[in-house]
Amino acid sequence: MARPRTSAGDVLFQGGTGLFALVIVIITAGIAFVLWGRSALTIAKFGFGFWGTDRWDPVSGDFGARTFIWGTLYSSILALAISTPLALGIAIFLSELCPHRLRQPLAFLTELLAAIPSIVYGLWGIFVLVPAIRAVEQALPDWIRATPLFSGPAVGVGMMSAAVVLAVMIVPFSSAVAREVLKAVPAAQREGAYALGATRWEATKIALYYTRVGIVGAVMLGLGRALGETMAVTMVIGNTPQVSASLLAPQYTMAAVIANEFAEATSSLHISALVEIGLVLFTVTLVVNAASRLLIWRMTRQPHERSIVAPLVPEEKSA
Amino acid sequence: MTMRKLLPIAVTAVLLGATLGAQKISITGAGATFPDPIYEKWFSDYNKLHPEVQINYQPVGSGGGVSQITQQTVFFGASDMPMTDDALSKTPGHIFHFPTVLGGVVPIYNVPGVTAELKFTGPLIADIFLGKVTKWNDKAIAAVNPGVSLPATDIAVVHRSDGSGTSFIWTDYLSKVSPEWKQKVGANSAVSWPTGLSGSHNDGVAALVKQTPGGFGYVELIYALQNSIASGPVQNAAGKFVKASLDSVTAAAAGAAANMPADFRVSITNAPGAGAYPISSFTWLLLYENPKDKALAKTMNDFVKWALSDGQKLCAGLGYAPLPANVVKLELAQLAKIQ
């Protein structure tokens, strides 16, 4: 293949855009560097023990991140468990089943949810969602309340409220991306499925399978938002650092403790501990994103010919 | 047409005149959010009296105020907590504390079926916050509230999730009245709470207490006054049950003034005096004794002098308790040392 002709403009353009891309790398590295440097005090004092310790006592100067890591991961995963089916349902309905006239207004409304500031979600959470969840919690039969998942007093604020608020906040992101991905399925794909006698459900399944990488990407985008969300979560989660499986228990997240305590932290150890929480959050986000990349990479590596026909035509059993 | 031609010239002339006529003096400060409303009022009123003086205040929090004055990125700092010896040792010069106004913290509660005003003692509040008293009909609550029929509702303790001067005053008070609290929890803007839920800021705490049957929490006196939230009287060091008000908070400061340390770093919780409300505190302005910019120091001194005299008259309107006269006198003596 012959090399494309180059001109000074091309070189300049490549260099310029390359520079912009480099800025992202520099900013990310800069954040990691500053977080590392500013948390030197607690890194030196607690080492890796910081990750596994439950205690968080600014008065005696004992700090550990485990309860916050747990709260962040647990609330985000619960939120995904609620929001993923919802977002997929919305995306499938809008791209496959929805009457044309309704499509635009509905898509607009879901995307409007994304534009609401998180403080508004937080206030809605405190004044509307929490009392409703408290009523639901109190109405739960005793045998359910006896399980570890629903143990403890029913006060409304806690993990369940946080998960629901987060889920509502990430649905528009996941559903918007999933809808775009589903829209990108070639018409020939759908027509082919129908031509082979597929039902609507089967054709939708094929479309989902065809777009699985994008769908996973949509879910992961939601996860990224959930991990870092601060205001709305802190207003309804109860802000109590503890590791508990109970959905009723008040807990705490990494982003929330930074937002809550940074402004009034006066001792240098306390400030350092909060910065290190930022470093932990940075690392956890990095690991989660890397894991989702790995997942997508593994999915795209699968042999292509199996991907579309497999669900329809049963494979011949090898002898 | 002439108008159009003249306008730019006129504007330029006015601007030029303004810059030449009065040398603007701009002072920047940062710190506590609690006194922000009264400080903003002071700065704007002072600017009306002295148009050349422009004071900017960033309410970034007490921690931010202390770190910014330490790094000398602002001319003055403000804090709801006196600076610790450790923090003072890190500043490049000697720092003076100036009490400016007073605040109080009040217990608020939501007990179903109880309309009578509930009274509290310090040790009782500490035991509730330690998780030792868990029901509203506990003997300890009934003992200070004879004649009130109390329900067997669980107490839902509510505290501040954000680091705050309010929490500092509250935990400072509990540390003084309960040795167990002092040993297990201590006093700080953020502590490791033994029990309960956290709400964000005064409104978050108030909302949780209001919504949760059996809720018990604390908010700033100003917030309670502005939102007419009922609060209970608290027993003071003299054994009297005192309701929080601007007068009873000022009385606490007056009681403490007798033993005022030279650097004004004093806690006035559980102050002596029959009329003193026990959960009260100063908020402080932080200034260097020998600032680099002498002209700014002169302007700032004039302002502080005004704030401690005429400025105090603006306090009540915004819900702050003014300083007692004996404290102001001591502060003016300290102010004279700045040059």
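Guide: Begin with one bridge in this predicted model. B:Gly31 has B:Ala78 of β3(B) as its bridge partner.

Visitor: In which sense do β1(B) and strand β3 of chain B pair, and over how many bridges?

Guide: The two strands are parallel, with 3 bridges between them, and β3 covers residues 76-79 of chain B.

Visitor: Which strand of chain B pairs with strand β1 over 6 bridges?

Guide: That is strand β2, residues 53-58 of chain B, which pairs in the parallel sense with β1, residues 25-31. One position to look at is B:Ile27, which stands opposite B:Ile55 in β2(B). To get from β1(B) to β2(B), the chain passes through helix α2, residues 36-49 of chain B, in a right-handed β-α-β crossover.

Visitor: How should I picture the side chains along a strand?

Guide: In a regular strand they alternate between the two faces of the sheet.

Visitor: Which residues line the largest cavity?

Guide: The lining is drawn from chain B and includes B:Phe34, B:Asp80, B:Glu220 and B:Phe282. Three elements of chain B supply at least two lining residues each: β4 (95-110), α7 (165-177) and β10 (280-288).

Visitor: How many nonpolar, polar and charged residues are in the lining of the largest cavity?

Guide: By class, 4 are nonpolar, 6 polar and 2 charged.

Terms used
Residues are numbered from 1 along each chain as its sequence is written. Chains are lettered from A and ligands numbered from 1 in the order in which they are written. This is a predicted model: local features need pLDDT of at least 70, side-chain atom pairs count only at pLDDT 80 or more; totals for chains, interfaces and linings use all residues. Side-chain values use heavy atoms; hydrogens and water are left out. On a 1 Å grid over the protein atoms alone, a cavity is a set of points where a 1.4 Å probe fits but cannot get out, and a pocket is an open set with protein on both sides within 12 Å along at least five of seven lines; lining residues have an atom within 4 Å of a point. Helices (H or I, at least four residues) and strands (E, at least two) are DSSP runs, numbered from the N terminus. Ala, Val, Leu, Ile, Met, Phe, Trp, Tyr, Cys and Pro count as nonpolar, Asp, Glu, Lys and Arg as charged, and the others, Gly among them, as polar. Two strands pair if DSSP finds at least two bridges between them. A crossover is right-handed if, with the strands pointing away from the viewer, the path from the first strand over the helix to the second runs clockwise.
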